[in-house]
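Please look through the sequence and the model shown below before reading on.

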Amino acid sequence: MALRGDRYNRGAIAFHWAIAALVLVNLFIGLFHETLLAGLRVMPLHKAIGATVLVLSIARLGWRLTHRPPALPEAVPGWERALANSLHWLFYALLLILPLTGWIFSSNPERPRPVSWFGLFDLPLLPVSSGAAGAAHEAHELLGLLMTALVVLHIAAALRHHFLLRDRVLVRMLPWADRHG
Ligand code: HEM
């Protein structure tokens, strides 16, 4: 189904900003839990937020597969469209794989760490080998850095559209922007 008009609809906007906020908090916790945040016991929060991102991202992917996003402005060259499209799919992949690798390595049978959803219930540990858990740990760290780089690039691209190209690419994803202006 195509989205009406030249902006994202409410569902797409809600998914975008909810997931963006949670991912930013989680990147911050992940990157600084041993330095700035040392001693604060932030990892249970990190895991609960990550599990929430996983569920929201599965729902969002379902949404994306059944809705076409509004087209980019005519002036955007073909290679830039292809790049934007590929990077958006890479985002979707990371939004699923990053939390999954966190869950897998927390399930290490030799060193299981509980994954509680905000203290309300525990997620089951996954039936994985300690080898797979070790690889998932490495992957989690590398993919966390890749996600950080992608987020920086994504924000820079949105700001470029808004302030340099002066088109509506950023505005059409803002919850408060009017429908036509
Ligand atoms: C949006 C989801 C997530 C993001 C963006 C994210 C990001 C990160 C980042 C950037 C790091 C630091 C890696 C490094 O040391 O360089 C990290 C560490 C960690 N993450 Fe995640 N993570 C997510 C989900 C999860 C989930 C779902 C779990 C577990 C269920 C988890 C468990 C952990 C743990 C335990 C560490 C500490 C690793 C260590 O210090 O050895 N993460 N995460």
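A residue is called buried when its relative accessible area is under 20%, exposed when that area is over 50%, and partly exposed in between. H161, which is found in helix α4, has a relative accessible area of 9%, and therefore it counts as buried. The C-alpha atom of H161 is separated by 9.9 Å from that of V76, although the two residues are 85 residues apart along the chain. The model in which these values were computed is a predicted one.

**The chain as a whole**

The protein contains 4 helices and 2 strands, and from the N terminus on these elements follow each other in the order α-α-α-β-β-α. Along its principal axes, the C-alpha trace spans about 55 × 35 × 30 Å. Of the 181 residues in the protein, 33% are buried.

**The ligand and its iron atom**

Which protein residues are donors to the iron atom of the ligand? They are H46 and H140, each through its NE2 atom, and these donors lie 2.0 Å from the iron. Because H46 belongs to helix α2 (residues 43-66) and H140 to helix α4 (residues 130-164), the pair ties together parts that are 94 residues apart in sequence. Both H46 and H140 are buried.

The iron atom has 6 donor atoms, the angles among them run from 87 to 179°, and the site is octahedral. For comparison, the ideal angles for six octahedral donors are 90 or 180 degrees.

| Residue | Atom type in the ligand | Distance |
|---|---|---|
| H33 | oxygen | 3.2 Å |
| H46 | nitrogen | 2.8 Å |
| H140 | nitrogen | 2.8 Å |

Is R7 buried or exposed? R7 is placed in the segment before α1, and because its relative accessibility is 4%, R7 counts as buried. The side chain of R7 reaches the backbone oxygen of L174 at a distance of 3.1 Å.

**Two residues with a positive phi**

Most residues other than glycine have a negative phi. R41 is not a glycine, and yet R41 has a positive phi of about 50°. R41 is found in the loop between α1 and α2, and with a relative accessible area of 71% this residue is exposed.

F118, which is not a glycine either, also has a positive phi of about 50°. The place of F118 is the loop between β1 (116-117) and β2 (121-122). How exposed is F118, and what is its relative accessible area? The relative accessible area of F118 is 43%, so F118 is partly exposed.

Notes. Residues are numbered from 1 along each chain as its sequence is written. This is a predicted model: local features need pLDDT of at least 70, side-chain atom pairs count only at pLDDT 80 or more; totals for chains, interfaces and linings use all residues. Side-chain values use heavy atoms; hydrogens and water are left out. Donors are N, O and S atoms within 2.8 Å of the metal (3.2 Å for Na, K and Ca); water is not among the atoms, so sites may look incomplete. Four donors count as tetrahedral if all angles lie between 85 and 135 degrees; four count as square planar and six as octahedral if opposite donors are over 155 degrees apart and all others between 65 and 115; anything else is irregular. Buried means under 20% relative accessible area, exposed over 50%, partly exposed in between (1.4 Å probe, protein chains only). A polar contact is a pair of N or O atoms within 3.5 Å; within protein, one must be able to donate a hydrogen and the other to accept it, and residues adjacent in sequence count only if both atoms are side-chain atoms.
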